Amino acid sequence: MNITKALLTWYDVNKRSFAFRGTKDPYAIWISEIMLQQTRTESAEGYYIRFLRQFPDVFSLAQAQEQQVLKAWEGLGYYTRARNLHKTAKIIAQRGGEFPDNAQELQTLPGIGPYTAAAIASIAYDQPLPAMDGNLSRVISRLYDIREDIAIPSVRRRLFELGEQLMPKQRAGDMNQALMDLGATICLPGTADCGRCPLNSFCIAYQEGEPERLPVLTKKKPPKEINLSVLLLHSEGRIFVTRRSEALLHGLCVFYLIEHIIDERDINKHLLSRHITPLSIEKLGTARHVFTHRLWQMTIYLVELAAPSAPIKGEWLSLPQLSEPPFPTAMRVPMEMAVRHLSRPASANRI
Ligand code: SF4
């Protein structure tokens with residue numbers, strides 16, 4: 001028995017059952033792998049089922065409007081991935097719907113990096129390549145007791161080569177999923193249930209006594225904090241929203257944002273200087289949202305205007321219409337506050 005056989009035997013009995021498992025359809029595998037990069041497996045399942053119901057094949061996704069794709073992606077975050085998904089679907093549809101059958105070609109498509117390419121190629125086409133995500137890096141660094149920082153490119157290459165050696169000629173996809181399952185259920189970050197592990201007789205870190213200290217990974221820089229005032233501009237039962245033109249959250253709907261935390265008086269000045277008359281300004285509360293490199297620290301204000309005119313281009317939506325366009329998760333708390341307060345007849349802090 002070697003590591004590969006031992007793990008596949010364990011996987012045959014213990015594999016986790018998900019909606020996206022058991023298919024060889026590269027389209028479905030691709031959608032699930034892109035979703036799984038950013039979301040816990042259990043949470044991704046619902047999104048996966050709904051997405052495939054709406055876009056059952058690459059042609060339906062290619063023909064969709066970008067706003068429909070973004071709406072279907074709402075809540076998953078990392079909207080560049082949804083946009084790349086759409087771009088790649090168009091490319092594949094133009095080629096008659098055929099996905100490349102190897103990782104090298106898959107990586108030429110928008111949004112498909114080495115991990116996703118290896119996952120699709122191994123699961124759909126049995127290409128013996130390790131799909132090096134956090135789970136595989138952790139399990140392999142423990143199996144071979146790799147004590148160097150796994151952020152270093154040469155260490156990452158070494159882990160990949162060790163992973164490659166573990167891949168069987170057949171069932172490469174199962175081997176990747178077995179390593180992922182082991183990493184998600186037994187060989188966990190910061191802890192390892194080695195007594196239950198099918199690989200404990202092979203594992204050097206376990207034999208050395210401190211597997212939970214691996215992998216070594218230098219801490220990333222904390223995200224940059226940005227203070228934002230979120231103005232829920234409303235008038236005559238409608239609320240103002242605008243589409244982002246900035247790279248972050250491009251094309252998604254947000255409420256009126258001002259970079260800086262400002263108080264009610266400054267908001268009044270800000271709007272008057274843009275020929276807009278606020279009738280009332282009420283501070284509703286605060287919220288924060290963490291992106292990969294940024295942290296939005298938001299203060300949220302309800303601002304009633306005399307008429308539906310706004311400082312920038314956008315749309316005025318009624319409450320039911322608010323559920324139509326795609327909003328990022330960062331707007332979840334302001335959205336809840338808007339829905340809760342919009343029907344109130346008068347606002348506090350009249351100025
Ligand atoms: S023996 Fe422990 S550390 Fe080694 S792979 Fe198994 S769970 Fe991870």
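Helices are DSSP runs (H or I, at least four residues), numbered from the N terminus. This is a predicted model: local features need pLDDT of at least 70, side-chain atom pairs count only at pLDDT 80 or more, and totals for chains, interfaces and linings use all residues. Residues are numbered from 1 along each chain as its sequence is written.

**Exercise 1.** Describe how H2 meets H3.

- Step 1. The axes of H2 (residues 26-36) and H3 (residues 41-54) come within 9 Å. They cross at roughly 140°. Axes are lines fitted to C-alpha atoms over the stretch in contact, with angles from 0 to 180 degrees between N-to-C directions.
- Step 2. List the partners. From H2 come Ala28, Ile31, Ser32, Met35 and Leu36; from H3, Thr41, Ala44, Tyr47, Tyr48, Phe51 and Leu52. Contact means C-beta atoms, placed from the backbone, within 7 Å.
- Step 3. Sort them by class: 9 nonpolar, 2 polar and no charged residues. Ala, Val, Leu, Ile, Met, Phe, Trp, Tyr, Cys and Pro count as nonpolar, Asp, Glu, Lys and Arg as charged, the others as polar.

**Exercise 2.** Characterise the shell around the ligand.

- Step 1. Count 14 residues (C-beta atom, placed from the backbone, within 6 Å). The closest are Cys187, Cys194, Cys197, Cys203 and Pro211.
- Step 2. Find the elements. H9 (134-143) and H12 (204-208) each give two or more residues. H9 gives the most, with 3.
- Step 3. Classify: 12 nonpolar, 1 polar and 1 charged.

Methods:
Contact = placed C-beta atoms within 7 Å.
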